[in-house]
Amino acid sequence: MSKRVIKKVAILGSGVMGSRIACHFANIGVQVLLLDIVPKEPNEIEKAKGLTLEDKSVRNRIVNEALQFALKSNPSPIYKKSFASRITTGNFDDDLPKIADCDWVMEVVVENLDIKKKVFTNVEKYRKEGTLITSNTSGIPIEMMLEGRSEDFQKHFCGTHFFNPPRYLKLLEIIPSTKTDKAVIEFLDDYGTKFLGKTTVLCKDTPAFIANRIGVYSIMALFHLVEEMGLTVDEVDKLTGPVMGRPKSATFRTCDVVGLDTLVHVANGVRQNCPNDEANKLFEIPTYVQQMVDKNWLGSKTKQGFYKKEKNKDGSSEILSLNLKTLEYEPKQKVKFAALEASKPINDLAERMQLLVNFKDKAGEFYRKSFYGLFAYVSNRIPEISDAIYKVDDAMNAGFGWEMGPFEVWDALGVKDTITKMKEDGVEVASWVNEMIEGGNESFYKIEDGAKKYYDINSKSYKTVEGTEDLLILNNIRSSKTVWKNSGTTITDLGDGILNLEFHTKMNTIGGEVIQGINKAIDLAEADYKGLVIYNEGQNFSAGANVGMIFMMAVEQEYDELDFAIRAFQNTMMRVRYSSIPVVAAPHGLTLGGGCELCLHADKVITNAETYMGLVEFGVGVIPGGGGTKEFALRASEEYGDGIRINTLRNRFLTIGQAKVSTSGYEAFELGYLKEGKDEVIVSRTHRLKYAKEACLLLADKGYSQPIERTDIKVLGKEGLGIVYAGANSMRSGNYISDHDQLISEKLGNVLCGGSLSEPTEVSERYLLDMERKAFLELCAERKTLERLESIIKTGKVLRN
């Protein structure tokens, strides 16, 4: 069989999902043909222009407006604005024959079987044999779509269920029919992971598939539990958010975002189509939820649901929450539970879950009832919806943003002990779980020989999680390959002479223990290894320097200690740049402040597409002090050339001065954080470590020479300072910035320009680092800076002063 290559994709249907799926294919470099229906008639604006239904702009209005709406949405569905040029729009009547040139045709029309069948009938007229054809249905049985289709169509057809928003939610459920060619499933599984950056989960063709079946059960069970326990909306969202490894939107805010009507539709579908589900009654809609639907309180789409935003008389806005008993909106209440207070010092989620579930208060009771019901439910879904337990966990983690899936949480609590407690509460688990325990297997997962294995109910043994055999996963090798560790970092041997350094502080912030870890990793690599990768599997690469530490030193006026700490940070970043071994940084998620500075100094950056990188110190009241300002002066010097130097300086100044953060790995190039030709973007997070290791090996094996510190950095001196000071003064005069912002701007400009030199001059990196550190320390002594630092520590928000 010839190699399958996806060069062009046709997306049929440009609604919320279709337009955003089109954007994500454009993100990865694929040409996209996006089609939708022709309007019934011109609208009033078109009529006023004298346009008719024969004009292309009218015929393509629906698809064009849908795409433009998607491109303007926030967060953006596109990695980089220019990528949208990869999308061509059209309509079903005029442009459907163009699908003959496409390698993959995906149907994303309304969830109506008859309409989908009509689309497929038309697709068969033009689709070339062997082309992939899939449906983005969220619940219609795949088998029902095969009626009347050709043998080749059936062979290449399956369900591909993306979750909204497709760029950000990592789940892609693949649902084969009885006729789908195995090679098609294998291709989509690999393509979804490697090219689209998804967690691909192979599902059985059962109602709501995997994620929605479990996720909607979880929400419906909670709807009923809230009534039983008399909990409030505010209490539930506090209990079911980040504290238990779930998104900030928790439960009721998530319902508002998704739409209560959507949830009710899925719940009704499961109740009607799964009469033998032991929890069928839980899918019945509670009275208060039905009343909300009847009142059209559906969430964000109708401006009110479980929450409502209201304007006060003074013009300020206030978020009100719904009283579930009276159905009246009330001011949000501060939530306090002893269990939550006790859990605050515990960073490890597994340990925190043990405390929460076993705590003897109302919150603990809530967690026990919630998890015991969930554990029983997921155990009974095996093998109904999947033969493998890890697919349930993968689906919930990638589709609903859970940090730990239900079987993973169950493992953390202790399977055997939890079963005993569940029985005491009258909750029974599926027989296969008891058989697993009786067979001497006391966990659903285990790490063995560097591989993650799951308990397989058919063979009654442990098998390696499929698709991970060729991946490099820290969680699988850490216990056996750790070389050194301290309280904030771990150094792991990746094999082939490459070490990895990972951070595991809160938000992976950089303090003394991380600085020590970086230096230790370089010491070890220089002595006995070929290179170093800096990578972690946390939610974020690094949120920057430890602001609390800086604040304490500044408020106590311990400026000598602060000077020592900043000097150590700068020297460590310079060591990353000028060690005798290659250092590759592999960031993802938030890569801010010090995390960004580390990347600026690495020999190469292999960044995930979902990387939000920026030097954000200005918002804290200081300038980048770990070599970031120096590095921007150096990079500006390389860009001055024979052009207008002031424009280059202005761009670099504004990137730091406006604390610009990239909205993707690709945008980090535009902002100057990454370098074309040196750094790279990879869409798949699961393949990133392996690729970073290979990149590091390549640098080492081709002959890596220790770089020499730069002494040839051109700075503009007074030529640049005049522009900086004039601009800052103009902004202050117009009340666009505060006095303190003006001071920070002038300090930043002074470093970028190398001080008040009489003419453009070449200076060294050390010269600029000294200026950077001096400016940082002077700003730390400012009262307004201390106020900003304190605001961030207390609220997580920047105080503008």
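Between which two helices is the loop that holds alanine 659? Alanine 659 lies in the loop between helix 28 (645-657) and helix 29 (665-670). The model described in this report is predicted.

## Loop residues with a positive phi

Alanine 659 has a phi near 50°, which is a positive value in a residue other than glycine. Its relative accessibility is 23%, so alanine 659 counts as partly exposed. Methionine 507 also has a positive phi, near 60°, and is likewise a residue other than glycine. Methionine 507 is found in the loop between strand 17 (498-503) and helix 22 (512-528). With a relative accessible area of 42%, methionine 507 is partly exposed.

Most residues other than glycine have a negative phi, and most peptide bonds are trans.

## Two cis peptide bonds

The peptide bond that runs from asparagine 74 to proline 75 is cis, and its omega is near 5°. Proline 75 belongs to the loop between helix 4 and strand 3 (87-91).

A cis peptide bond also leads from isoleucine 382 to proline 383, with omega near 10°. Proline 383 is placed in the loop between helix 16 and helix 17 (389-400).

## The nonpolar cores

The largest nonpolar core has 122 residues, and the members that touch the most others are Phe306, Tyr367 and Trp432. Helix 9 (residues 211-229) supplies the largest share of this core, with 12 residues. Another core, of 74 residues, lies apart from it and includes Ile515, Met573, Ile713 and Leu748.

What does tryptophan 432 contact, when its neighbours within four places in sequence are left aside? Its contacts are Ser379, Ile382, Ile389, Phe407, Phe444, Tyr455 and Ile457.

## Helix 16 and helix 18

Two packed helices are described by the angle between their axes and the distance between the axes. For helix 16 (residues 362-380) and helix 18 (residues 406-413), the axes come within 10 Å and cross at roughly 120°. Helix 16 is therefore oblique to helix 18. The crossing of the pair is left-handed.

From helix 16, the contact involves Phe371, Leu374, Phe375, Val378 and Ser379, and from helix 18 it involves Pro406, Phe407, Val409, Trp410 and Leu413. Sorted by class, the residues of this contact are 9 nonpolar, 1 polar and no charged.

## Helix 1 and helix 4

Helix 1 (residues 16-27) and helix 4 (residues 61-72) have axes that come within 9 Å and cross at roughly 65°. The two helices are therefore roughly perpendicular to each other. Their crossing is right-handed.

Ser19, Arg20 and Cys23 of helix 1 make the contact with Ala66, Leu67, Phe69, Ala70 and Leu71 of helix 4. By class, this contact has 6 nonpolar, 1 polar and 1 charged residues.

## Helix 31 and helix 32

How are helix 31 (residues 718-733) and helix 32 (residues 739-752) packed? They meet at an angle of about 170°, and their axes are 9 Å apart. Helix 31 is therefore roughly antiparallel to helix 32.

On the side of helix 31, Leu721, Val724, Tyr725, Ala728, Asn729 and Arg732 take part, and they meet Asp739, Gln742, Ser745, Glu746, Gly749 and Asn750 of helix 32. The residues of this contact divide into 4 nonpolar, 5 polar and 3 charged.

Arginine 577 is placed in helix 24 (residues 559-578). Its relative accessibility is 13%, so arginine 577 counts as buried. Residues up to four places away in sequence not counted, arginine 577 touches Leu600, His601, Asp603, Glu631, Tyr704, Pro707 and Glu765. Leu600 and His601 are among the buried residues of helix 25. In helix 25 (residues 594-601), 8 of the 8 residues are buried, so this helix is largely enclosed by the rest of the structure.

Leucine 777 lies in helix 33 (residues 765-780). Leucine 777 is buried, with a relative accessible area of 16%. Its neighbours within four places in sequence left aside, leucine 777 is in contact with Tyr559, Leu562 and Asp563. Between leucine 777 and asparagine 571 there are 16 Å in space, C-alpha to C-alpha, and the two are 206 residues apart in sequence.

Terms used
Residues numbered from 1 in each chain as written. Predicted model: local features only at pLDDT ≥ 70, side-chain atom pairs only at ≥ 80, totals over all residues. Heavy atoms only, no water. Core = buried A, V, L, I, M, F, W, Y, C linked by side-chain atoms within 4.5 Å. Buried < 20%, exposed > 50% of the residue type's maximum accessible area, 1.4 Å probe, protein only. Helix = DSSP H or I, 4+ residues; strand = E, 2+ residues; numbered from the N terminus. Contact = heavy atoms within 4.5 Å. Axes fitted to C-alpha atoms, helices over the stretch in contact; angles between N-to-C directions. Parallel < 35°, antiparallel > 145°, perpendicular 65-115°, else oblique. Left-handed = near helix turned anticlockwise from the far one by under 90°. Nonpolar A, V, L, I, M, F, W, Y, C, P; charged D, E, K, R; others polar.
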